[in-house]
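Here is a short briefing on one protein chain. Look over the sequence and the structure, then work through the points by topic.

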Amino acid sequence: AVEDNCGHCDNDPENDCVSPEEFSFNQSYSQAFYFVMSATDMYTAPLDSGDWIGLFNGDICVGSREWSGETVDVPAMGETDYDGDGIADPWTEGYLLDGDIPTFRIYDASVDMTYSAIPSENYAFEDAQVYLVDEVNGILEYEFDLSEGPNLISFYTLPDDNSIQNVIGECSGNISSILGEGIAATCVDGQWNGTLTEVDLTGGY
């Protein structure tokens with residue numbers, strides 16, 4: 001019998017792990033492990049079996065593991081140069097170098113969605129090391145291409161805390177005011193002010 005990606009040592013294909021396509025990666029002889037003790041989705045609910053936790057270097061997946069309902073060891077692969085010619089091996093090109101800090105993503109099987117996650121601790125990659133991460137919490141990020149002047153946007157999902165401060169964040173400099181139906185918020189001295197204090201799924205802004 002051969003041990004599969006889920007750690008099952010048998011010949012039963014029914015319990016083999018098949019990762020989401022964007023969570024696939026190549027094995028490297030340079031590797032570390034990030035042990036995740038607990039994890040929640042973007043709604044702060046515990047992850048379910050069948051969800052996945054991935055580690056990324058930019059947009060390149062360098063390791064992933066299916067969540068089993070308890071602590072999992074998420075591998076992180078490093079970039080290698082097997083023949084020492086100064087060129088990264090093709091199968092590890094873009095993988096982690098010593099000192100790089102990988103980012104976390106979660107694949108939520110219940111909604112067939114991948115989103116970013118924030119670890120309780122960040123650890124820089126180093127070959128042959130083991131790191132303990134108390135918790136990983138999923139977050140939903142939006143990316144909007146804003147043009148100069150007024151823009152009309154809406155949201156298809158929101159966190160439980162739908163305050164302007166939580167959804168929009170701190171005044172970033174590229175958003176000065178937000179207008180709703182009869183209400184508005186504007187940034188003054190780094191703080192959001194006005195009668196628009198929460199973002200609504202049914203609203204346009």
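Setting aside neighbours within four places in sequence, Val136 is in contact with Val36, Ser38, Ala39, Thr40, Phe104, Ile106, Ala117, Ile118 and Pro119. Keep in mind that this is a predicted model.

**The nonpolar cores**

- Val136 belongs to the largest nonpolar core, which has 24 residues.
- Which residues touch the most other members of this core? They are Tyr34, Val36, Ile53, Phe104 and Val136.
- Several strands give two or more residues to this core: S3 (31–40), S4 (52–57), S6 (72–77), S7 (103–108), S8 (113–119) and S9 (130–138).
- A second core is separate and has 9 residues. Among them are Leu158, Trp192, Leu196 and Tyr205.

- Is S6 largely enclosed or open? Of its 6 residues, 5 are buried, so S6 is largely enclosed by the rest of the structure. Here, buried means under 20% relative accessible area.
- S6 pairs with S3 in the antiparallel sense. The pairing runs over 6 bridges.

**The largest pocket**

- The largest pocket holds about 1100 Å³ of space.
- Its lining is made up of 38 residues. Ile153, Phe155, Val167, Ile168 and Ile175 lie nearest the centre of the pocket.
- Two elements give two or more residues to this lining: helix H1 (164–167) and strand S10 (177–179).
- Which element gives the most to the lining? S10 does, with 3 residues.
- Sorted by class, the lining has 19 nonpolar residues, 13 polar ones and 6 charged ones.

**The whole chain**

- How many helices and strands does the chain have? There is 1 helix, and there are 12 strands.
- Along the sequence, the pattern reads β-β-β-β-β-β-β-β-β-α-β-β-β.
- Taken along the principal axes, the C-alpha atoms fill a box of roughly 65 × 40 × 25 Å.
- The chain has 205 residues, and 32% of them count as buried.
- Now take the contacts between residues at least 6 apart in sequence. Of these, 53% join residues at least 24 apart.

Technical notes. Residues numbered from 1 in each chain as written. Predicted model: local features only at pLDDT ≥ 70, side-chain atom pairs only at ≥ 80, totals over all residues. Heavy atoms only, no water. 1 Å grid on protein atoms, 1.4 Å probe; cavity = no way out; pocket = protein on both sides within 12 Å on 5 of 7 lines; lining within 4 Å. Points joined across faces, edges and corners; volume = space filled by probe spheres on them. Helix = DSSP H or I, 4+ residues; strand = E, 2+ residues; numbered from the N terminus. Nonpolar A, V, L, I, M, F, W, Y, C, P; charged D, E, K, R; others polar. Core = buried A, V, L, I, M, F, W, Y, C linked by side-chain atoms within 4.5 Å. Buried < 20%, exposed > 50% of the residue type's maximum accessible area, 1.4 Å probe, protein only. Contact = heavy atoms within 4.5 Å. Pairing = 2+ DSSP bridges.
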